[in-house]
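Okay, thanks for coming, everyone. Let me put the structure up and we'll walk through it together.

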Amino acid sequence: MLRKQPTKRGMGLISAAGPMVNVILAILFLGMYFATMGVLQKFAFYGFGINSFLAFFNMLPFLVFDGAKVFKSNKLLYILIMVPATALTFAAFILWGMIK
């Protein structure tokens with residue numbers, strides 16, 4: 001059975017799915033960080049940092065990263081994902097004490 005290749009728009013949406021999930025997870029972990037204590041707070045701390053950094057790193061518009069594919073297909077979608085990913089990554093660095 002032959003399948004059609006995804007369009008440029010389709011490739012952009014597929015590539016945007018991963019970083020979007022990372023942004024959503026980072027927001028959920030951030031809420032969990034402030035709502036819990038103890039081991040769960042530590043778990044949320046690392047979950048927030050890892051997911052925010054993954055979203056930011058994947059959205060860099062270089063070569064084979066998802067960001068390049070999203071940027072080529074839809075610049076508005078790129079901005080709508082990259083802005084929160086950048087803000088969450090800076091918040092993670094502040095939370096980790098790397099930025100004062």
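So, which residues make a nonpolar surface patch of about 350 Å²? They're Val21, Ile24, Leu25 and Leu28. Patches here are built from residues with over 30% relative accessible area and no salt bridge, joining like charges within 9 Å and nonpolar side chains (Val, Leu, Ile, Met, Phe, Trp, Tyr) within 5 Å. A salt bridge would be a side-chain nitrogen of Lys or Arg within 4 Å of a carboxyl oxygen of Asp or Glu. The areas are Shrake-Rupley values with a 1.4 Å probe, and for residues only the protein chains shown count as cover.

Quick housekeeping: this is a predicted model, where local features need pLDDT of at least 70 and side-chain atom pairs count only at pLDDT 80 or more, while totals for chains, interfaces and linings use all residues. Numbering starts from 1 along each chain as its sequence is written, and side-chain values use heavy atoms, with hydrogens and water left out.

Now the overall picture. The protein chain has four helices and zero strands. Those are DSSP runs, numbered from the N terminus: H or I of at least four residues for helices, E of at least two for strands. The C-alpha atoms fill a box of roughly 55 × 35 × 20 Å along the principal axes. Of the 100 residues, 32% count as buried, and buried means under 20% relative accessible area, exposed is over 50%, and partly exposed is in between (1.4 Å probe, protein chains only).

Valine 21 sits in helix 1, and with a relative accessible area of 45% valine 21 is partly exposed.

Next, threonine 36, in the loop between helix 1 (8-35) and helix 2 (39-58). Threonine 36 is buried, at 19%. What does its side chain reach at 3.3 Å? That's the backbone nitrogen of glutamine 41. A polar atom of the threonine 36 side chain also lies 2.7 Å from the backbone oxygen of methionine 32.

Last stop, helix 3, residues 66-73. Gly67, Ala68 and Val70 are buried there. They cover an arc of only 165° around the axis, so they end up on the same side of helix 3. The arc is taken from the directions from the helix axis to the C-beta atoms. And what do the buried residues of helix 3 pack against? Helix 1, helix 2 and helix 4 (75-96), with contact meaning heavy atoms within 4.5 Å.

Technical notes: A polar contact is a pair of N or O atoms within 3.5 Å; within protein, one must be able to donate a hydrogen and the other to accept it, and residues adjacent in sequence count only if both atoms are side-chain atoms.
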